[in-house]
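This briefing concerns the structure displayed below.

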Amino acid sequence: MSRQSPAQRPPLSVSFEFFPPKTDAMEARFWESINRLAPLNPRFVSVTYGAGGSTRERTLRMVSRIEATTGVPSAAHLTCVGASREEVDAVVEGYRAAGVNRIVALRGDPPEGVGQPFTPHPEGYRNAADLVAGIRRLGDFDISVAAYPEKHPQSADWQADIDNLKRKIDAGANRAITQMFFSNADYLRLVDRARRAGITAPIVPGIQPIHSFRQIAGFAARCGATIPSWLAERFEGLEEDPETHALVAAAVAAEQVLELVDAGVTEFHFYTLNRANLVMALARLLGIRPEAQATA
């Protein structure tokens, strides 16, 4: 397949996900990465939210400062785990008061872990669709929700999974962002299923650069994402060879995003793990450069 040059492609856009740093050293790396990626003019930068709102204050502080100091739109994650509607609504109002009008609305995982059944708070939002409707009632927020290229582990079947996604979009979400995946065929099948179900909102692929294969494999096992055998083989034996590991990781991510571009994808969401290097390289492959954005 002949590959289009960046100049021949439709405009591509990116967004980035970060998590609230827990130490001064981690915070320094957080801001270093934010400042490197901000000139790429992302659609937004999102900051995650710990289980049961455990990082709520840090999340609010980070998203507020990102917008104020870089001018980049920021999005705050929000879950309905372990909180009443009144408590969740107060968080939403706090975001709005801080000038943050983008929210990534998630049901969230129970404190016991991903594989455990979710039990709503007795006075809380029941699920992500209910949460989206609640946010929408409170104001004109830009709302993103989650989608699952390999089906949510707790969905009975694909029909139930797509029905749930449709409920979230119909409740007022602007787009869905997928969980990480490593087989593009899974993502493309998800999009096809969603379109056949009448879902027209963007379904943005969530791309996870592999900074550490061991770490990402652990994440994948906990959230139900498959590590294909060919991918595991590429990283086999590289735990003690960081330079080769980084080169292989860059090649794997480049293959994934360029294949998706060839399939017509124009939006990407990168899970950065608060690191900029691989994401900067992928943005360059996509033709997204600070100087290009500055003159657009």
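The model is predicted, so local features need pLDDT of at least 70 and side-chain atom pairs count only at pLDDT 80 or more, whereas totals for chains, interfaces and linings use all residues. Residues are numbered from 1 along each chain as its sequence is written, and side-chain values use heavy atoms, with hydrogens and water left out. The secondary structure comprises 11 helices and 9 strands, taken as DSSP runs numbered from the N terminus (helices: H or I, at least four residues; strands: E, at least two).

**Overall make-up**

- Of the 296 residues in the chain, 48% are buried; buried means under 20% relative accessible area, exposed over 50%, and partly exposed in between, with a 1.4 Å probe and protein chains only.
- Among contacts in the chain with a separation of 6 or more, 77% are between residues 24 or more positions apart, a contact being heavy atoms within 4.5 Å.

**Helix H10 and its surroundings**

- Helix H10 spans residues 277-285, and Leu 278, Val 279, Leu 282 and Ala 283 in this helix are buried.
- Viewed down the axis of H10, the buried residues fall within an arc of 135 degrees, so they line one face of the helix; the arc is that of the directions from the helix axis to the C-beta atoms.
- The packing partners of these buried residues are two strands, S1 (13-18) and S9 (267-271), and two helices, H1 (24-37) and H9 (242-262).
- Gly 287 follows H10 and has a positive phi, near 85 degrees.

**Salt bridges**

- The structure contains 12 salt bridges, each defined as a side-chain nitrogen of Lys or Arg within 4 Å of a carboxyl oxygen of Asp or Glu.
- One of them joins Arg 61 and Glu 27, with an N to O distance of 3.2 Å.
- Because Arg 61 belongs to helix H2 (residues 56-70) and Glu 27 to helix H1, this pair ties together parts that are 34 residues apart in sequence.
- Arg 61 is partly exposed at 40% relative accessibility, whereas Glu 27 is buried at 17%.
- Within helix H5 (residues 158-170), Lys 166 and Asp 170 lie 4 residues apart, about one turn of the helix; these two residues form a salt bridge whose closest N and O atoms are 3.0 Å apart.
- Lys 166 is partly exposed at 28% relative accessibility, and Asp 170 is exposed at 56%.
- Helix H6 (residues 184-196) holds both Arg 196 and Asp 192, 4 residues apart, about one turn of the helix; their side chains meet in a salt bridge at 3.0 Å, N to O.
- Arg 196 is exposed at 63% relative accessibility, and Asp 192 is partly exposed at 40%.
- Salt bridges with shared partners join Glu 27, Arg 61 and Arg 65 into one network.

**Packing of H5 and H6**

- Two packed helices are described by the angle between their axes and the distance between the axes.
- H5 and H6 pack at an angle of about 70 degrees, and their axes are 10 Å apart; axes are lines fitted to C-alpha atoms, for helices over the stretch in contact, and angles run from 0 to 180 degrees between N-to-C directions.
- H5 and H6 are therefore roughly perpendicular to each other, a class that covers 65 to 115 degrees, with under 35 roughly parallel, over 145 roughly antiparallel and the rest oblique.
- Trp 158, Ile 162 and Leu 165 of H5 make the contact with Leu 190, Arg 193 and Ala 194 of H6.
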